[in-house]
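Reader: I would like to learn how to read a helix and a strand in a model. Please take one of each.

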Amino acid sequence: MSVLESKIPEGPIEKKWTKHKNEINLVNPANKRNIDIIVVGTGLAGGSAAATLAELGYNVKTFCYQDSPRRAHSIAAQGGINASKNYQGDGDSDYRLFYDTVKGGDYRSREANVYRLAEVSSNIIDQCVAQGVPFAREYGGLLDNRSFGGVLVSRTFYAKGQTGQQLLLGAYSAMNRQINRGKIQSFNRHEMMDLVLVDGKARGIIARDLVTGEIERHSAHAVVLASGGYGNVFYLSTNAMGSNVMAAWRAHKKGAFFANPCFTQIHPTCIPVSGELQSKLTLMSESLRNDGRIWVPKHKKDAEAIREGKLKPTEIAEEDRDYYLERRYPAFGNLVPRDVASRAAKERCDAGYGVNKTGQAVYLDFKAAIERYGKEKAFTSGHKNPIKEEIIKLGEEAVEAKYGNLFEMYEKITDQNPYKTPMMIFPAVHYTMGGLWVDYNLMTTIPGCYAAGEANFSDHGANRLGASALMQGLADGYFVLPYTIGDYLAADIRTGAISTESEEFETAEKEVKDRIQRLYNTNGKNPVDYYHKKLGKIMWDKCGMSRNEKELKEAMEEIKALREDFWENVRVTGKAETKNAELEKAGRVADFLELGELFAKDALERNESCGGHFREEYQTEDGEALRDDENFRFVSAWEYVGNPRDAKLHKEQLEFENIELKTRSYK
Amino acid sequence: MKLKLKVWRQEDAQDKGGFQNYDVDGIDGDMSFLEMMDVLNNNLVNEGIDPVEFDHDCREGICGSCSLQINGEPHGPDRRITTCQLHMRKFKDGDEIVIEPFRATAFPVIKDLVIDRSAFDRIQHAGGYISVNTSGNTQDANSIPIEKQDADDSFYAATCIGCGACVAACKNASAMLFTSAKVSQFALLPQGEVEAHERVINMVNQMDAEGFGNCTNTGACYVECPKGISLENIARLNREYLSASVFS
Ligand SMILES: Cc1cc2nc3c(=O)[nH]c(=O)nc-3n(C[C@H](O)[C@H](O)[C@H](O)COP(=O)(O)OP(=O)(O)OC[C@H]3O[C@@H](n4cnc5c(N)ncnc54)[C@H](O)[C@@H]3O)c2cc1C
Ligand code: SF4
Ligand code: FES
């Protein structure tokens, strides 16, 4: 018997959300003043939730580890945000966005949630424009759109390559308005170290002031976790250096189920690893696949010559190039979903066709786009017979207008000019679809503890489509959580302020302090990074783009051994009473060392391939993922019972009533 | 590459602080400046010395966390980049590199190279927003067409990452470039018009209250700004301020 209650409302899918909003309990404005809410995280999800909750009248406290809410990792999102506005008149609709998202996620997400996401998506754009978010516009003054992988319409709104920045600054400005009104208190440079439960309900957190090292108690009637994804369990990823799983993992250990931890997105277009001491990977926005063509040499000898530095990509003739995505997937070509594109790159590199010194890279080429745009531009400006130089010049200008900052970023990092020579790219860990299990109201299995944004297991199933994370974060924060939370809080209008003097807070604080002490009581042999890098290597080699039973079992053992070594031999320098980045890192890596094991276990027990989860044992003859709907059409929600490996599985069976289950094909 | 580093060490806000010399070896041109700092810190941890604290997060030039004064220049010798985007190929074997925090009265040092930039947040609290409810009851986004040029200019102003290099570069430690970028973003959009006067007055008052200096138009901020925030924004702020003062 499952204890999971997804609370999906009855009725036809397009009526569920409206019906639910009409039927749930509300808290009247006067009573909201007596209710406190803690929001951990100030990214798109947390920032928008905090601003809206405060505007509704609740007293909000926000927490983030950076020095300002504006620096949350959402700031780094480049490409865009989806919405079913159908401004381009290309046949888009809520249903189509819903359909694309469920299909893109390889049928492992909850229909009702995804439909709601599609339904509120248009409103996000209205909201952001009203806030002054400067989206890209056409010459006529209306909003511009581009297209992303896995879809056949142009529904992505963008602000050059800085969409996340502009959306986050929008949410931050909404927060600032509430801070100025005294409705939000923002605790920056603060890290949530534990969740506090009173009578089984989430009633507060223990936080560490990262400047003074002080351990603080904060109480509230409900706690919202919007602390982002856990991609950094791989050490190298496109996530910010501080991105971590601590908040979610602490909640997990206090009773929140962790769903689908092994569903990770490996993004196909990142700058390849260049050296041993590299600290993070840089994404090149997926939007580049609108115009860039992906290829490797057709002949192994050419690939070898390139790796040895004897041949340049520009010297390889058209007929000697293998545009493998266009070859394998003629319908979607370079715009197949991310999981498909990543695996195809790995397949070519494993087969010996990879480029770069390491052989772990493929080309992303803009030559054709430059020529196409150049010709078009010359033609429309009256030059019907332009010379080649003119075409190239005009074409480069057009490409610069679209992707200028991305090209610049690429050149700064690699010292190569992508207008003249193709970019080199390789897949890298980017996003985690897994996360805390939540019901339709976004509540975890702990009453009063909510999860929003990348931190929840969300709406993306086994693979997220491009430009959908920003959409989900803002949908959760602006339009879903502020209403659904009222249903729970309606019972709390007479509770009064929650005291931090209770035994529960006392115990939680003591546990946090003891844990910090334990980090200092070791033999002190190896720096924290030593463990993080080792963990990352196990994860990448054995739980990465393709997985198999044998290696997953090995990974579980290796991670366990590494964790035990960590607690005996990690070296944490400095004092706990000051700013101390090593101590911060140590706490985060300690949690990754537990999550990693659950991750491997989840991957091991999911005996099918779906989306980002590719099990070598389960593939079709031509190497495509082989899903098993009969036996695995469920969400795996893990209950913590002492050790990550002993976690207890609860299944949420997924019902598909509005979309027919099909083999995903992009051919 | 082998480098000689002269790094500012300061225990906390009360401590006087001073430079320490460290040598690092094995630095590759493809490494970023912060990866070089990682190497230094790894060495220090192995020697049992407290590593150097510095702010960083995204490491791709967008979060605005990193904030090092390198050889006297905010974000170092290269242009239009942040510290985390600076690569070691800009240096050569044997170089001495002086590394300090951004210096300004309004940005007190927290520890080593970490500074307190909350003054920037408070300037934003004072008016860096449009007072629209987040309820979702807004009109259709395309019902307000905006000229592409205005939309683009607004966007460029909005790309400020709040790093503080402008303040560190200015001999008066003025925050005009930062403040004017936010004022401009909204001043250029019809949505921002209603509160324009109040916004500019409140934000400028807060900026003064935080102890930033006056702007004497030297343009040093623009030179060091990683995002190339234009000086036209300052001119726009001045116009907005003047017109707000006249009408209020
Ligand atoms: C390089 C890059 C590019 C991307 N581009 C796109 C794109 O174009 N389109 C798209 O849709 N998606 C994109 N994504 C994905 C998307 O940006 C993220 O999934 C999304 O922004 C996550 O938002 P969030 O609010 O859930 O979390 P985040 O923005 O990650 O915020 C997490 C917050 O939690 C806080 N926090 C974390 N742990 C703690 C703790 N223990 N205590 C206190 N505070 C804590 C942090 O300080 C931060 O404020 C991209 C991601 C990356 C990495
Ligand atoms: S104006 Fe430029 S230098 Fe100043 S904070 Fe903004 S991005 Fe940094
Ligand atoms: S670390 Fe984010 S801008 Fe440098």
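Reader: How many of the residues of α10(A) are buried?

Author: This is a predicted model, in which local features need pLDDT of at least 70, side-chain atom pairs count only at pLDDT 80 or more, and totals for chains, interfaces and linings use all residues. Residues are numbered from 1 along each chain as its sequence is written, chains are lettered from A and ligands numbered from 1 in the order in which they are written, and side-chain values use heavy atoms, with hydrogens and water left out. Buried means under 20% relative accessible area, exposed over 50%, partly exposed in between (1.4 Å probe, protein chains only). Helices (H or I, at least four residues) and strands (E, at least two) are DSSP runs, numbered from the N terminus. In α10(A), 10 of 13 residues are buried, among them A:Arg338, A:Val340 and A:Cys349.

Reader: Which elements do the buried residues of α10(A) pack against?

Author: Contact means heavy atoms within 4.5 Å. The partners of these buried residues in chain A include β11 (264-270), α9 (324-328) and β15 (423-432).

Reader: What should α10 of chain A span?

Author: The expected span is 1.5 Å times one less than the number of residues. For residues 338-350 that gives 18 Å, and the end C-alpha atoms are 18 Å apart, which agrees. After α10(A) comes A:Gly352, with a positive phi near 100 degrees.
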